[in-house]
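Student: I'm new to this structure and would like a close look at a single part of it. Could you walk me through the aromatic rings and how they pair up?

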Amino acid sequence: MRLDKIHPVVSGNKWFKLKEYLKEAKGLNKTTILTYGGPYSNHIVATAAACKDAGMRSIGIIRGEEASNLSPTLVDAKAFGMQLYFVSREAYRRKAVPTEMKESFNEDDIYTIAEGGYGVPGSLGASTILGIETKGYTHILTAVGTGTTIAGLVRSSMPHQKVIGISSLKNNYSLEEEINGLLSPTKQNHFSVNHDYHFGGYAKWQPELISFMNRWYHQTAIPSDFVYTGKLFFAVDDLIKKEFFPPASNLLIIHSGGLQGNRSLKKGTLIF
Ligand SMILES: *Cc1c(COP(=O)(O)O)cnc(C)c1O
């Protein structure tokens, strides 16, 4: 399912995750969305674009000191009207709000979305990724970061469907609990997460992943990103080879977008 085709920069699953937050914010008469992310964050640029679309202001609290030239992601976020504030890694961990921000914004106008868009509204938005046209699939496979998207897929999946997530993080074993935290008791544990394809951890990669992504593009003309979907496609390909899926399985693989993040790689690393 090519959610990457929704927009070249604003990644597919983020649109779905953000729409319920924006609705809630508007319902509370908030004019401004504040959220957190790194300099190549899909979530940051998607939030900036979604807010512009919705006629809202947006604030991005960015991890790390401001570099002399902005990342392409932050250039885009700024072009969508996002106000950027750079904070030290330590302040970022504390989710501190910079004091200079308080001069330009009224705190009462601000609606905060957690880092990566984790939360129940995000999963409600993501639940609309599936529809009648996806009923025939036996397995639904997605990349996992915070777990919000997979929680949405679990919400709207059919009882005969297996929902499987490939974690992009290393040894993030609290993930299952965090996903269950977004689900009603009857839907809890109606999914599984595979932790074997992180390639060293979040936003880490190895040459084997890059050569797979190039080969996959060469064979299928489907571009992938090295943080999420490259690892997902690698995992699915590997699991098929290992006969993990029973015969006559019908796989729905979610391409959640994120291609803009490849701009952090050295030019020429990928053939697309
Ligand atoms: C954010 C992101 C994910 C992970 O989504 P979660 O809801 O945080 O699990 C997967 N794929 C892409 C391309 C993303 O940008």
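Predicted model: local features only at pLDDT ≥ 70, side-chain atom pairs only at ≥ 80, totals over all residues.

Tutor: The structure holds nine aromatic pairs. Let's start with Tyr-217 and Phe-272: their ring centres are 4.8 Å apart and the planes meet at 35°, so this pair is tilted. To count as stacked, the planes would have to be under 30 degrees apart. Now look at where the two partners come from. Tyr-217 belongs to helix H9 (residues 207-220), while Phe-272 is in the segment after strand E8 (251-253), so the pair ties together parts that are 55 residues apart in sequence. Tyr-217 is partly exposed, at 27% relative accessibility, and Phe-272 is partly exposed too, at 32%.

Next, find Phe-244 and Phe-245. Their ring centres lie 4.9 Å apart with the planes at 90°, so this pair is edge-to-face. Phe-244 has a relative accessible area of 45% and is partly exposed, whereas Phe-245 comes out at 10% and counts as buried; the cut-off for buried is under 20%.

There's also a group to pick out: Tyr-197, Phe-199, Phe-212, Trp-216, Phe-233 and Phe-234 form one aromatic cluster.

Finally, some rings have a lysine over the face. Lys-95 sits over the face of Tyr-92, at 4.0 Å from the ring centre. Lys-14 lies over the face of Tyr-228, at 5.5 Å from the ring centre.

Methods: Residues numbered from 1 in each chain as written. Heavy atoms only, no water. Phe/Tyr/Trp six-rings, centres within 6.5 Å; stacked < 30°, edge-to-face > 60°. Helix = DSSP H or I, 4+ residues; strand = E, 2+ residues; numbered from the N terminus. Buried < 20%, exposed > 50% of the residue type's maximum accessible area, 1.4 Å probe, protein only. Lys NZ or Arg CZ within 6 Å of the ring centre and 35° of its normal.
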